[in-house]
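Subject: Structure handover

Dear colleague,

I am passing on the structure below, followed by some notes on what was found in it. Please look through it with the notes at hand.

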Amino acid sequence: MARIAGIEIPNNKRAEIGLTYIFGIGRSKSKAILEKVKVDINKKVKQLSTDEVTRIRKYIESEEIVEGDLKKSLSQDIKRLMEINCYRGRRHQRGLPVRGQRTKTNARTRKGPRGSMIKKKK
Amino acid sequence: MGRSIKKGVYIEEKLFKKVLAAKNAQKREVIKTWSRRSTVIPEMVGLTLAVHNGKKFIPVFVSENMVGCKLGEFSLTRNYRGHTSKDKRGKGK
């Protein structure tokens with residue numbers, strides 16, 4: 001078990017996959033990190049030495065924005081858009097798609113289940 | 001794909017001149033513009049621009065956070081008042 005970036009405890013998966021359990025790290029970033037700190041991508045997380053884990057942890061702490069910090073900055077970005085009252089901000093407020101998708105049909109991910117719009121507004 | 005950095009941000013030339021003039025004159029005059037595609041530049045902060053939405057001019061007070069957006073983003077072109085609710089629909093008949 002390795003503890004990286006606070007709460008994350010990836011299990012007996014390959015290091016490359018294990019790192020993606022951290023919010024803000026996907027496959028490509030995970031690969032880049034492991035390459036930077038010179039850890040074998042195919043090594044399982046449980047096989048990593050303490051030294052390797054520390055190197056990964058240090059690198060992520062210093063170079064990457066992950067987990068809480070990333071979530072915070074994301075919500076701040078959205079908040080900024082809503083405050084300046086621009087089109088994108090208004091779409092966020094209404095819970096509608098922001099990037100010009102059609103809303104005549106579909107857009108269910110943003111709108112939520114059918115018929116629940118009135119409840120959502122309140 | 002984004003715009004090349006070499007070119008800098010886009011802003012209508014006439015509007016740019018007006019903004020600079022207003023900034024120098026320290027006047028609180030509203031600048032009317034149709035150029036919704038112009039970028040909000042740092043010089044505009046504190047000014048009020050009247051951005052056309054196709055029908056009328058919407059006054060936009062530019063704040064620091066707005067820099068980098070386009071003017072059109074602050075002047076909505078659509079007017080959606082929502083659908084009539086079910087009880088209202090019945091009264092009409």
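The second largest pocket holds about 180 Å³ of space, where a pocket, on a 1 Å grid over the protein atoms alone, is an open set of points where a 1.4 Å probe fits, with protein on both sides within 12 Å along at least five of seven lines, and lining residues have an atom within 4 Å of a point. Its volume is the space filled by probe spheres set on the points, which are joined across faces, edges and corners.

This is a predicted model, in which local features need pLDDT of at least 70 and side-chain atom pairs count only at pLDDT 80 or more, while totals for chains, interfaces and linings use all residues. Residues are numbered from 1 along each chain as its sequence is written, chains are lettered from A and ligands numbered from 1 in the order in which they are written, and side-chain values use heavy atoms, with hydrogens and water left out.

Among the residues that line the second largest pocket are Ile78(A), Arg88(A), His92(A) and Arg110(A), and α4, α5 and α6 of chain A each supply at least two residues of this lining; helices here are DSSP runs of H or I with at least four residues, strands are runs of E with at least two, and both are numbered from the N terminus.

The largest pocket has about 1,600 Å³ of space and is lined by 40 residues, with Arg91(A), Arg94(A), Leu96(A), Tyr80(B) and Arg81(B) nearest its centre. Helix α5(A) gives the most to this lining, with 5 residues, and β3 (57-61) of chain B is among the elements that supply at least two.

On confidence, chain A has a mean pLDDT (the predictor's confidence in each residue, from 0 to 100) of 85, and 93% of its residues reach 70 or more. Within chain A, the mean is highest in helix α4 (residues 67-83), at 91, and lowest in helix α7 (residues 117-121), at 53. Where pLDDT is low, the predicted coordinates should not be read in detail.

Lastly, the search of the whole structure found 0 disulfides over all chains, a disulfide being a pair of cysteine sulfur atoms within 2.5 Å. For Cys86(A), the nearest cysteine sulfur is that of Cys69(B), 5.0 Å away. Cys86(A) counts as buried because its relative accessibility is 0%, buried meaning under 20% relative accessible area, exposed over 50% and partly exposed in between, with a 1.4 Å probe and protein chains only. Cys69(B) is also buried, at 8%.

Best regards
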